[in-house]
Each structure stands twice: as structure tokens, then as C-alpha cells.
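Morning, everyone. Please bring up the model on your screens, and I will walk you through it.

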Amino acid sequence: MINSKLPNVGTTIFTRMSQLAAQVGAINLSQGFPDFDGPQALRDAVAEHVAHGHNQYPPMTGLPALREQVALKLAKFYGVKVDPEQEVTITPGATQAIFCAIQAVVRAGDEVIVFNPTYDSYEPSVQLAGGRCVHVPLDPATFAIDWQRLSDAIGPRTRLILLNSPHNPSGALVSGEDLARLAGLIAERDIYVVSDEVYEHLVYDGVPHASVLACEALYRRAFVVSSFGKTYHVTGWKTGYVVAPPALTAELRKVHQFVSFCAVAPLQWALADYMAAHPEHLEQLPAFYQAKRDLFCDLLAGSRFRFTRTPGTYFQLVDYAQIRPDLNDVDMALWLTEQHGVACIPVSVFYHQPIAEQRLVRLCFAKREETLRAAAAKLCAI
């Protein structure tokens, strides 16, 4: 019998809910992907590069032209200058980038602080490195950092803190003041930071994204991760990047080269072309998704769900306590999918210790208008 290294890990809730939605013919607002395609010019660029022979191994660190475009983007949005040769690495997806960063610095017996609710890939990555996660609950109402709990959780074995902003599943944001406070808290300690910022361009209501890249005291000890898939509506391309100071980048690349070696070549060529030719895409993205958020929330205003409009990501949490308080969120997600034709994600799966009285599910609004209208009609009819 196999002695599993991940005995508590099975098929993710995201896959299970998408499969259930397909089985029962429900509208899938569970897994976080658009039901519309990426820009035509971007897709055309992939076909062009495949046809013109850009199909062999690119550099392990990523295509130079794409790393340069990342550096230019960071200078424009965050006012920071990074060396594309020594600080930017292209990876096959943000999840792999996070995995490699954790493997690069976490050793057996180390502790890694994660904030609950937390994305599901973090803890298995820590366990595979021989580390142990210390779970620090966010404020259950606002999903803000509880600074006293964080301070209490930091100990002599703390090696890494995992940030996620905009936060999945809640959409909550950390501020520049939060980052400065975190920098001060760990200033005298040998602690690293992985900052998962895959929804960096999905921040609404005129609020700027606070990136660890713009906090010099944190960036000196950080890996900052982002996703082309989220930004360009092509999640299936599984292409992301990680930015880190040269010494940390060197350690990350030692792992990355033996996990995947490189990301897919023609996708990198196409992204580099598109970023150079269409800088307006990133400028327009917050308004594009805010319009979807506002449409969806406006449509749900007449329902019995209660919610506060999400400040970031393309996820909206809704409270169903006035509808089925007798159901925990996993059963509620199944009930909504099977009985009412809308698939969602229960928020408890993001917790190490779920909050018994919480009644929240997560809905994805990265969908076409007709999809959102159809889903909202079903939800309002409950």
C-alpha cells in the first residue's frame, strides 16, 4: 500500500463542482474561468508563431521579449525597476510559480503562515517541502488581517508568510499601509514572503492595487507571483511569472528548471507581441470586470442573498442565511447546483477550521452578460 505524501488531498472542489455542473446542466459559476475567449489578436499571434516555427524550447527563464514586457509593465503600474534578466521568470502557471518559490526556501521543520480562508494549493506545496502551515484566520466579516493573531503566530521556526491580494475567495485587498506594517513586523527576522497577486489588475472602484513590488522593505525578501491567464482571459494557457530579487530568483530557478524547465514557447511569443502592441488591455481591464461585477450585483439585488460588492478578483461572495440556514455551505452548493441550476463554491473549503455559523458561497462573474443574466434569474427565483 502506498504511504501517501499527501494523504488528505483528493480531487479539488473546483473540479468536482465543474463536473457536477456539466452532469446536471447547471450554469457554472464555480470554477474561476471566463466563458468568453481571449483577445482575437492574441489568439491570432499564437497561430502565427506556431506556423512560423516557434515551437522548440525557449530559455528556461522565459522568452527575453516577454520578460522585458513584464518589466515595462511593472515600471508603468508600480513605479519599480526590475532587471528582466535577473528578476523575472516565466512559469507554466502561477500555481507552479508558488510551488517553486516554496520549495526554494522552505525546509523540513519550517513553518509557513497562511491566512484563512486560503487557496488550496498552498498547504500541499508546503507539506511537500517538509514544512508545516500555521493558519491565521482573517477577520470573518471583512477578511482583513488580524495583526495580533499574525504577531502571535510568528515564532522561531517561521520561514515564510504567504500573502494573497486581491484575495481568493473574498476579493479583499491589502493596502500599502498593511504591507508597511508587515515589513516592520518581520524586519529583524529571517522570514520570506510569497505574494500571490494573480488578480492584480482586477481591483475596482478606483482603488489602486498595493503590490509587494512597490514596498521595497518587503520586496527584498519576496517572491511576487502573477498570471497571464487571469489577465488576458486565457486561463487554460497556464502561463504566469514570478518576480524576485536576484538571489531569490536564482534559488527559484534551480527548482523551476527541474519541475517544468520552461513555459510553452508559442504562448510566450504571442503574449510578448500582444503586450507590446496593446498596452490598453491592462488599462481597461478593471473597468471591464467592474462592469460585470456591477451588472451581476444589480441583478442579484432583488434576491434573498446578501452581499457586499467585492473590491477585487472576479468572485462575489453571497450570504445565504436567509434562504437555507439549515444547510452548511457544501450542502448549499450541491443544492443550488442540483435543484436550481447554478454551480458555486462553498467557502468553507478554503478554511483549515471552517466557521460553523458562516453561510457563504462564492460565485464567479467572469462570464458573458447572457450567462450572468440567466444565473441571476435562477438565483432570484429561490
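**Walking through the model**

Start at Phe261, which is partly exposed, with a relative accessible area of 32%. On this scale, buried is under 20% relative accessible area, exposed is over 50%, and partly exposed is in between, using a 1.4 Å probe and protein chains only. Phe261 is not a glycine, yet its phi is positive, about 70 degrees. Phe261 sits in the loop between H10 and H11. Helices (H or I, at least four residues) and strands (E, at least two) are DSSP runs, numbered from the N terminus.

Before going on, the ground rules. This is a predicted model, where local features need pLDDT of at least 70 and side-chain atom pairs count only at pLDDT 80 or more, while totals for chains, interfaces and linings use all residues. Residues are numbered from 1 along each chain as its sequence is written, and side-chain values use heavy atoms, with hydrogens and water left out.

Find Lys238 in the loop between helix H9 (228-231) and S8. Lys238 counts as partly exposed, at 44% relative accessibility.

Now the cis peptides. One joins Asn116 and Pro117, with omega about 5 degrees. Pro117 belongs to the loop between S3 and helix H5 (122-128). Another cis bond runs from Asn168 to Pro169, with omega near 25 degrees. Pro169 is in the loop between S5 and H7.

Next, the sheets. In what order do the strands of the 7-strand sheet run? The order is S2-S8-S7-S6-S5-S3-S4, the sheet is open, and the pairing is mixed. Pairing here requires that DSSP finds at least two bridges between two strands. S2 and strand S4 (132-137) are at the edges with a single partner strand each, so one side of each has no neighbour in the sheet. Neighbouring strands in this sheet are turned by 20 degrees against each other on average, direction ignored.

S2 (residues 88-91) and strand S8 (residues 240-243) run antiparallel, joined by 4 bridges. Val88 has Val243 as its bridge partner in S8. Val88 and Ile90 point one way from S2, Thr89 and Thr91 point the other way, and all are buried. Further along, S3 (residues 111-116) runs parallel to S5, again with 4 bridges. There, Glu111 stands opposite Thr158 in S5.

S11 and strand S12 (residues 360-364) pair over 2 bridges. Pro346 stands opposite Val361 in S12.

On to helix packing. Helix H3 (residues 64-78) and helix H11 (residues 265-277) pack at about 40 degrees, with axes 8 Å apart. In H3, Ala65, Leu66, Gln69, Val70 and Lys73 meet Gln268, Leu271, Ala272, Met275 and Ala276 in H11.

Which residues of helix H7 are buried? In H7 (residues 176-185), they are Leu179, Leu182 and Ala183. They cover an arc of only 100 degrees around the axis, which puts them on the same side of H7. That arc is taken from the directions from the helix axis to the C-beta atoms. The buried residues of H7 pack against helix H6 (147-153), strand S5 (158-164) and helix H8 (216-219). The face turned away from the buried side of H7 carries the exposed residues Glu177 and Gly184.

Last item, cysteines. How many disulfides does a search of the whole structure find? The count is 0, where a disulfide is a pair of cysteine sulfur atoms within 2.5 Å. For Cys133, the nearest cysteine sulfur is that of Cys100, 17 Å away. Cys133 is buried, at 7% relative accessible area. For Cys364, the nearest is that of Cys344, 12 Å away. Cys364 is buried too, at 0% relative accessibility.

Note on methods: Contact = heavy atoms within 4.5 Å. Axes fitted to C-alpha atoms, helices over the stretch in contact; angles between N-to-C directions.
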